[in-house]
Amino acid sequence: MLTNAEMKSIRSLREKKFRDELGLFTVEGEKSVAEALASSFEVVRVLRAEDIGASAMERISQCATPSPVLAVVRMPKEDRPAELPGGLALALDSVRDPGNFGTILRIADWFGVSQVFASPDSVETFNPKTVQASMGSVFRVRVSRCDIAALCAEFSSAGRRVYGTVLDGENIYSAQLTADGLVVMGNESNGISAEVARLLDSRLRIPSFGGGAESLNVAVATAVTLSEFRRR
């Protein structure tokens with residue numbers, strides 16, 4: 001059974017300040033909890049409705065419909081790797097929506113991009129909605145927080161191309177793409193910041209074949225972009 005104090009502690013992980021203070025986050029659902037247990041993350045506790053009761057699970061769950069299992073997991077550090085990763089890497093410049101962030105992690109996982117860099121003002125990786133949207137990919141894709149402009153400069157200095165999606169760029173379907181470099185995706189409303197845009201080696205545009213929509217959702221744009229890189 002869970003004590004009231006334990007339930008209160010788990011419930012507090014809904015808020016960022018308590019996640020940061022305790023260094024913990026929750027993950028729910030059979031598949032996502034299994035992913036956590038199979039990963040290198042430290043799983044502190046696994047709670048099942050059949051053991052603690054449906055009422056207690058409802059009280060600690062962060063989902064509209066409580067799942068049958070919830071795990072409390074320790075947050076890893078999100079430091080930069082000592083060296084730039086090989087192959088293709090992804091950078092998120094002020095991506096603020098947790099659903100988008102989590103979906104992008106899932107997309108990166110699908111297309112074999114194991115390293116994602118995120119600006120400090122992007123939404124936190126272990127926000128409950130981010131974790132849920134990632135569908136377990138949060139446990140396989142490494143996220144590092146860093147200054148994206150400085151990162152772009154490092155890639156360029158190493159002779160590796162920096163790509164970014166912008167509305168006035170070159171058609172991605174006819175542009176030259178490599179299997180090695182950094183792909184930058186921007187904020188949902190404002191796109192890539194001016195500081196980062198100045199550091200792009202290749203400005204890419206996903207062309208519209210219709211006439212109504214002004215732009216693509218950033219997660220959808222990420223999927224289209226990575227798919228084209230992998231298709232070459």
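Author: The expected span of a helix is 1.5 Å times one less than its number of residues. Helices (H or I, at least four residues) and strands (E, at least two) are DSSP runs, numbered from the N terminus. This is a predicted model, in which local features need pLDDT of at least 70 and side-chain atom pairs count only at pLDDT 80 or more, while totals for chains, interfaces and linings use all residues. Residues are numbered from 1 along each chain as its sequence is written, and side-chain values use heavy atoms, with hydrogens and water left out.

Reader: How many residues does helix 10 have, and what does it reach from its first C-alpha to its last?

Author: Helix 10 (residues 218–231) has 14 residues and reaches 20 Å, close to the 20 Å expected. Its N-terminal end is capped by Asn217, with a side-chain oxygen 2.7 Å from the backbone nitrogen of Ala219. This is a polar contact (a pair of N or O atoms within 3.5 Å; within protein, one must be able to donate a hydrogen and the other to accept it, and residues adjacent in sequence count only if both atoms are side-chain atoms).

Reader: Which residues of helix 10 are buried?

Author: Buried means under 20% relative accessible area, exposed over 50% and partly exposed in between (1.4 Å probe, protein chains only). In helix 10, the buried residues are Val218, Ala219, Ala221, Thr222, Thr225, Leu226, Glu228 and Phe229. Their cover includes strand 4, helix 6, strand 7, strand 8 and strand 9.

Reader: What is the order of the open sheet of six strands?

Author: Two strands pair if DSSP finds at least two bridges between them. The order is 6-5-4-8-7-9, and the pairing is parallel. Strand 6 (142–145) and strand 9 (202–205) each have a single partner strand, so one side of each is left without a neighbour in the sheet. The twist averages 35° from one strand to the next. Within this sheet, three bridges join strand 7 (residues 162–171) to strand 8 (residues 181–185), and Gly164 stands opposite Val184 in strand 8.

Reader: Which strands does helix 8 touch?

Author: Helix 8 (residues 148–157) touches strand 4, strand 5, strand 7 and strand 8, and its direction makes about 155° with that of strand 8. Contact means heavy atoms within 4.5 Å; axes are lines fitted to C-alpha atoms, for helices over the stretch in contact, and angles run from 0 to 180 degrees between N-to-C directions.

Reader: What is the order of the open sheet that three strands form?

Author: The order is 1-3-2, with antiparallel pairing. Strand 1 and strand 2 are the edge strands, each pairing on one side only. Five bridges pair strand 1 with strand 3 (residues 69–74), and Leu70 in strand 3 is the bridge partner of Glu28.

Reader: How many aromatic pairs does the structure hold?

Author: The structure holds six. Rings of Phe, Tyr and Trp (its six-membered ring) pair if their centres lie within 6.5 Å; planes under 30 degrees apart count as stacked, over 60 as edge-to-face and the rest as tilted. One of the pairs is Phe25 with Phe41, edge-to-face at 6.5 Å centre to centre and 80° between the planes. Phe25 lies in strand 1 (residues 24–28) and Phe41 in the loop between helix 3 and strand 2, 16 residues apart. Both Phe25 and Phe41 are buried. Phe41 also forms an edge-to-face pair with Phe126, at 6.2 Å and 70°. Ring pairs link Phe25, Phe41, Phe126 and Phe139 into a cluster.

Reader: Is Ser39 buried or exposed?

Author: Ser39 is buried, with a relative accessible area of 19%. Ser39 is found in the loop between helix 3 (30–38) and strand 2 (43–48), and its side chain reaches the backbone oxygen of Ala36 at 2.7 Å.
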